Amino acid sequence: MDDQQRLRYSRHLLLNEFGEEAQERLLRASALVIGAGGLGSAALMYLASSGMGRITVCDGDKVELTNLQRQIVHRLESLGRPKARSAADTLATLNPDIRVEPLEERAGADRLAALVRGADVVLDCSDNFATRHALNRACVASRKPLVSGAGIRFDGQVTVFDLRQASSACYHCLFAEDAEAAEERCAVMGVFAPLVGIIGTFQAAEAIKLVAGIGESLSGRLLLFDALASRWHEVRFARDPHCAVCGERAAAA
Ligand SMILES: [Zn+2]
């Protein structure tokens, strides 16, 4: 780190549990963020300001006026522009230390697999089950830690699947694919604006901890947040040995 970086990250360096080595690990690390909506906005801002060295942000949508209520990485002048590009432009004004690669596409299974292979940590900030399950498969295959978040109406949830560990559950262990019929997309549902900020910020915190190698992650614990009642609820979960996605891998490990 140079002098400017020591100043920029001084409040991390002052933390006994963080310090210079963790900051340097963070600066060398790369994060893949799928979705530059409400969750992605908050996550991206903190990943960038904290010094996540390389960030790939993938989103196929364009910025609309209805997004600005909660998708804080986008600006009024970005209306009509690709969200990935808009997010990258905002992050560039925040921290010139880091490299941000915007991908203006809705990545399918093969593309996600390739992107996940190049990342140290993956953040699922998407808004649909097809992407969530495809991203989970890619993370299981490459054994990459997956930080999963979701938020709708006043209800949020966040957890970590640390697939570097053979004992870790995956997204499919917790959420079966036949639940897709009940999908509720925030494209048509109400969303309390700060909810996605709270959950996305939580995702950034977990991602930073995972690559910096500090603290205890949310692996094996699902946090549920009720923003209307201001209550958090924690549910513990374990790997499903019969899981169609990670069962075989775990058995072979
Ligand atoms: Zn599984």
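Guide: Gladly, and please keep in mind that this is a predicted model. Let us begin with C243, which has a relative accessibility of 6% and therefore counts as buried, since the cut-off for that word is under 20%.

Visitor: And C173, is that one buried or exposed?

Guide: C173 counts as buried too, because its relative accessibility is 16%.

Visitor: What is the zinc ion coordinated by?

Guide: The zinc ion is held at 2.3 Å by the SG atoms of C170, C173, C243 and C246. Along the chain, these donors follow the spacing C-x2-C-x69-C-x2-C, and the pair C173 and C243 links distant parts of the chain, 70 residues apart. C173 sits in helix α8 (residues 171-174), whereas C243 lies in the loop between β8 (231-236) and α10 (247-252).

Visitor: Why is the arrangement around the zinc ion tetrahedral?

Guide: The 4 donor atoms subtend angles of 94 to 121° around the zinc ion, and this makes the arrangement tetrahedral, as the angles must all lie between 85 and 135 degrees. For comparison, the ideal angle for four tetrahedral donors is 109.5 degrees.

Visitor: New topic: how many helices and strands does the chain have?

Guide: The chain has 10 helices and 8 strands. Its radius of gyration is 17 Å, close to the 18 Å that the globule rule gives for 253 residues, so the chain is as compact as a globular protein of that length.

Visitor: What share of the residues counts as buried?

Guide: Of the 253 residues in the chain, 51% count as buried, while the chain exposes about 11900 Å², with carbon and sulfur atoms supplying 51% of that area.

Notes: Residues numbered from 1 in each chain as written. Predicted model: local features only at pLDDT ≥ 70, side-chain atom pairs only at ≥ 80, totals over all residues. Heavy atoms only, no water. Donors = N, O, S within 2.8 Å, 3.2 Å for Na, K, Ca; no water. Tetrahedral: all angles 85-135°; square planar, octahedral: opposite > 155°, others 65-115°. Helix = DSSP H or I, 4+ residues; strand = E, 2+ residues; numbered from the N terminus. Buried < 20%, exposed > 50% of the residue type's maximum accessible area, 1.4 Å probe, protein only. Rg over C-alpha atoms; globule rule 2.2 N^0.38 Å. Areas by Shrake-Rupley, 256 points an atom, 1.4 Å probe, with all protein chains shown as cover.
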